[in-house]
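Biologist: I would like to learn how to read a model like this one, feature by feature. Where do we begin?

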Amino acid sequence: MTMRPPRPAVAAALAAAAALALPACAGRPAATRVPPAGALARPPATTVPALRRLVADGAPGAASLITRAGRFRAPRFSTAGYADLRSRHRMTAADHFRAGSLTKPLVATVILQLVAERRLRLSDPAAAHLPPGTPVTGRHGGTDLRKVTVHQLLDHTSGLFNYTQDPRLARQLHGPGFRPHRYDSHTPDTLLRIALRHPPVAAPGARPHGPEGTGGAPFAYSNTNYLVLGLIIRAVTGHPYATEIRRRILRPAGLDQTSFPGTDPVLPAPHGRAYSRIGDRRVDATSLDPSRAGAAGEMVTTLGDLNRFFAALLGGKFLPPRQMAAIRSEKNTGGSYGLGLYATRLPCGVTVWGHNGDINGSFAQAAGTVGGRHVVSFRVNTDDRPDPAGTTAVLSAEFCARR
């Protein structure tokens, strides 16, 4: 599911994701000036060869959407392969899909808005802002949310065990166990208890052991971190995290096609099919209960809404300058991850900021330049992750293309 951490190779190539009273959130992002018709020749879709490569590597279908503020009247949508292998319908720009861990930047944005409003601090212990009754310690005392800070949750330096890697739960989320358990519902407290049964991978802020610690960065991607952040939003605001995201982000930015379905297994129309590979078989994974992901990855969206969100976020529409700098700061992770975003450093030397996400039947990634004037989002309708070189190729095709 979305919740799989970015592989070390991806982190290296990319080096797997963070207000009611803020004036910057008062309305839709300002409209960009559009040159007169015919003033500029609209260039060809740069990403098509890279999308075809993703399909050739096994994805049923792939699609991308490119927006460049002030240059072209409409975004450039490209597709390859099929949205539905039976009907042979192609993907459309209006298709809804599960975005997985692309949920994390929206959760992080709300947390940083609360920091800007002085309703919490990044240095606060997580346990100080949790709803009553939420478990805070592990079975043997090794994990203690009283020792984990909000900052460490945002940049995955808490050391908390990733609940989706629990062996029993993992067998239900993926592989042969997916079909009999696809409609199981989960609560955040239940998933957090699963994580707390395991010892931490490291002390909070310490250097983790194992492959995630490669390169000396105190970084261990864990969906448990954002599960806890969703609970913090509920405790601090009195509303579920999805309600706060709708109020603070979706409505002001006009993200009308983005939703947080809770336990609803049905994708909004229009949508294609989503496919998972189980053994040597491709299985339709379009319908499932997304509560398995919660604040770590339940979001449903479109490529257009992803571009609008990242354009607004990177353009400073949601956060004051101090928090905007914080969300991009990777200093505590050795250049692996910020507070809900990470940098993708492309072979041509261009650096873009964004996140990726996968959940059963879907993988997506979005990235944009600082300032948000140039954004690319793309997706494939399978959770069989593309080769890192393939995803980098999609971004490089646009951001590194000569103009």
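Biologist: Is Tyr342 buried or exposed, and what is its relative accessible area?

Modeller: Keep in mind that this is a predicted model. Tyr342 has a relative accessible area of 3%, and the cut-off for buried is under 20%, so Tyr342 counts as buried.

Biologist: How is a pair of aromatic rings described?

Modeller: Two values are used: the distance of the centres and the angle of the planes. The count here comes to seven aromatic pairs. In one of them, Tyr221 and Tyr337 sit edge-to-face, 6.2 Å centre to centre with 80° between the planes. Tyr221 is in the loop between helix 7 (188–196) and helix 8 (223–237), and Tyr337 is in the loop between helix 11 (321–327) and strand 7 (342–345), so this pair ties together parts that are 116 residues apart in sequence. The rings of Tyr337 and Tyr342 have centres 6.1 Å apart and planes at 45°, so that pair is tilted.

Biologist: Which residues do ring pairs link into a cluster with Tyr337?

Modeller: The cluster holds Phe219, Tyr221, Tyr337 and Tyr342. Tyr221 and Tyr337 are both buried, and the relative accessible area of Tyr337 is 1%.

Biologist: Now the helices. What does the turn of an α-helix tell me?

Modeller: With 3.6 residues a turn, residues three or four places apart point the same way. As for length, the 15 residues of helix 8 should span 21 Å at 1.5 Å a residue, and the end C-alpha atoms are 22 Å apart, which agrees. Helix 8 is mostly covered, with 13 of its 15 residues buried. Just after helix 8 comes Gly238, which takes a positive phi of about 85°.

Biologist: What does Leu192 touch, leaving aside residues up to four places away in sequence?

Modeller: Leu192 lies in helix 7 and is buried, with a relative accessible area of 0%. Its contacts are Thr134, Pro135, Leu145, Thr224, Leu227, Val228 and Leu231. Leu192 and Tyr163 are 29 residues apart in sequence and 7.1 Å apart in space, C-alpha to C-alpha.

Biologist: How is empty space found?

Modeller: A probe the size of a water molecule is rolled over the atoms, and this shows where space is left. The second largest pocket has about 330 Å³ of space. It is lined by 19 residues, and the closest to its centre are Pro188, Pro240, Tyr241, Gly294 and Glu298. Helix 8 gives the largest share of this lining, four residues. By class, the lining has nine nonpolar, seven polar and three charged residues.

Biologist: How much space lies in the largest cavity?

Modeller: About 60 Å³. Among its 13 lining residues, Phe97, Arg98, Leu267, Ala274 and Arg379 are the closest to the centre. The lining of the largest cavity has four nonpolar, six polar and three charged residues.

Biologist: What should I expect of the backbone?

Modeller: Most residues other than glycine have a negative phi, and most peptide bonds are trans. Arg88 has a positive phi of about 65° although it is not a glycine; at 48% relative accessibility, Arg88 is partly exposed. His156 also has a positive phi, near 60°, but at 1% relative accessibility His156 is buried. The peptide bond from Ala269 to Pro270 is cis, with omega near -5°, and Pro270 lies in the loop between helix 9 and strand 4 (275–278).

Methods: Residues numbered from 1 in each chain as written. Predicted model: local features only at pLDDT ≥ 70, side-chain atom pairs only at ≥ 80, totals over all residues. Heavy atoms only, no water. Phe/Tyr/Trp six-rings, centres within 6.5 Å; stacked < 30°, edge-to-face > 60°. Helix = DSSP H or I, 4+ residues; strand = E, 2+ residues; numbered from the N terminus. Buried < 20%, exposed > 50% of the residue type's maximum accessible area, 1.4 Å probe, protein only. Expected span 1.5 Å × (residues − 1). 1 Å grid on protein atoms, 1.4 Å probe; cavity = no way out; pocket = protein on both sides within 12 Å on 5 of 7 lines; lining within 4 Å. Points joined across faces, edges and corners; volume = space filled by probe spheres on them. Nonpolar A, V, L, I, M, F, W, Y, C, P; charged D, E, K, R; others polar. Contact = heavy atoms within 4.5 Å.
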